[in-house]
Amino acid sequence: LAETVAAAGDVQHALHLLDEVAVTISTSKTLFCEPELHRLRGEFILAGNRGSPKALDLIRRAADLAREMGAQALELRAMLSLALATQGAERAASLERLGRLYGQMAEGFGTADMISAARLLTGQNTDA
């Protein structure tokens, strides 16, 4: 729902929805979606403020947390977001980590995230 609201242009409401989810998971101790909440919050902030250090930190946190959890799909999604949002040396480092992660994946190659990662890694997607 938050992604749809953000796509419709109401980023503040989308961020509010994520805050509500964060409260729910913190009280239920269900942390599996925490990396995705950080990534989405970062993406939404970037939509209104390209290059925001706070947004990039949230996406980095999402990737690191997903890695700690062993959630490769969530880490891949966060690294894809980070690679698309950064430039220069940080983009190169993000692409390197994304490539290593992509190479470790054993399934899911038909998913949108994996297709996007493959395109980015082969230079077919140069959005920055």
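1. His38 counts as buried, at 15% relative accessibility (buried means under 20% relative accessible area, exposed over 50%, and partly exposed in between, with a 1.4 Å probe and protein chains only). The residue lies in helix α3. Not counting residues up to four places away in sequence, His38 touches Leu58, Ile59, Arg61, Ala62 and Leu65, where contact means heavy atoms within 4.5 Å.

2. A note on the basis of these values. This is a predicted model, in which local features need pLDDT of at least 70 and side-chain atom pairs count only at pLDDT 80 or more, while totals for chains, interfaces and linings use all residues. Residues are numbered from 1 along each chain as its sequence is written, and side-chain values use heavy atoms, with hydrogens and water left out.

3. The chain has 7 helices and 0 strands, in the order α-α-α-α-α-α-α along the sequence. Helices (H or I, at least four residues) and strands (E, at least two) are DSSP runs, numbered from the N terminus. Of the 128 residues of the chain, 40% count as buried. Among contacts in the chain with a separation of 6 or more, 47% are between residues 24 or more positions apart.

4. Helix α3 covers residues 34-48 and helix α4 residues 53-69; their axes come within 8 Å and cross at roughly 160°. Axes are lines fitted to C-alpha atoms, for helices over the stretch in contact, and angles run from 0 to 180 degrees between N-to-C directions. The two helices are therefore roughly antiparallel to each other (angles under 35 degrees count as roughly parallel, over 145 as roughly antiparallel, 65 to 115 as roughly perpendicular and the rest as oblique). α3 passes α4 in a left-handed crossing; a crossing is left-handed if the near helix is turned anticlockwise from the far one by less than a right angle, and right-handed if clockwise.

5. On the α3 side, the residues that meet α4 include Glu34, Pro35, His38, Arg39 and Ile45. Those they meet in α4 include Leu58, Ile59, Arg61, Ala62, Leu65 and Met69. By class, the residues of this contact of α3 with α4 divide into 11 nonpolar, 2 polar and 6 charged. Here Ala, Val, Leu, Ile, Met, Phe, Trp, Tyr, Cys and Pro count as nonpolar, Asp, Glu, Lys and Arg as charged, and the others, Gly among them, as polar.

6. α3 also packs with helix α5 (residues 72-85), at an angle of about 20° and with the axes 10 Å apart. That makes α3 roughly parallel to α5. The crossing of α3 past α5 is left-handed. Pro35, Glu36, Arg39, Glu43 and Leu46 in α3 meet Leu74, Arg77, Ala78, Ser81 and Ala85 in α5. This contact of α3 with α5 has 5 nonpolar, 1 polar and 4 charged residues.

7. Two further residues of α3 can be checked individually. Glu36 is in helix α3 and counts as buried at 12% relative accessibility. Leaving aside its neighbours within four places in sequence, Glu36 is in contact with Leu74 and Arg77. Leu40, also found in helix α3, is buried with a relative accessible area of 9%. With neighbours within four places in sequence left aside, Leu40 is in contact with Glu3 and Leu18. The C-alpha atoms of Leu40 and Ala78 are separated by 9.0 Å, and these residues are 38 apart along the chain.

8. Helix α6 (residues 88-104) and helix α7 (residues 112-121) pack at an angle of about 125°, with their axes 10 Å apart. They are therefore oblique to each other, and α6 passes α7 in a left-handed crossing. Arg91, Leu95, Leu98, Gly99 and Tyr102 in α6 meet Met114, Ala117, Ala118, Leu120 and Leu121 in α7. The classes in the contact of α6 with α7 are 8 nonpolar, 1 polar and 1 charged.

9. The count of aromatic pairs comes to 1. Rings of Phe, Tyr and Trp (its six-membered ring) pair if their centres lie within 6.5 Å; planes under 30 degrees apart count as stacked, over 60 as edge-to-face and the rest as tilted. Tyr102 and Phe109 form an edge-to-face pair, 5.7 Å centre to centre with 75° between the planes. Tyr102 is partly exposed, with a relative accessible area of 22%, and Phe109 counts as partly exposed at 40% relative accessibility.
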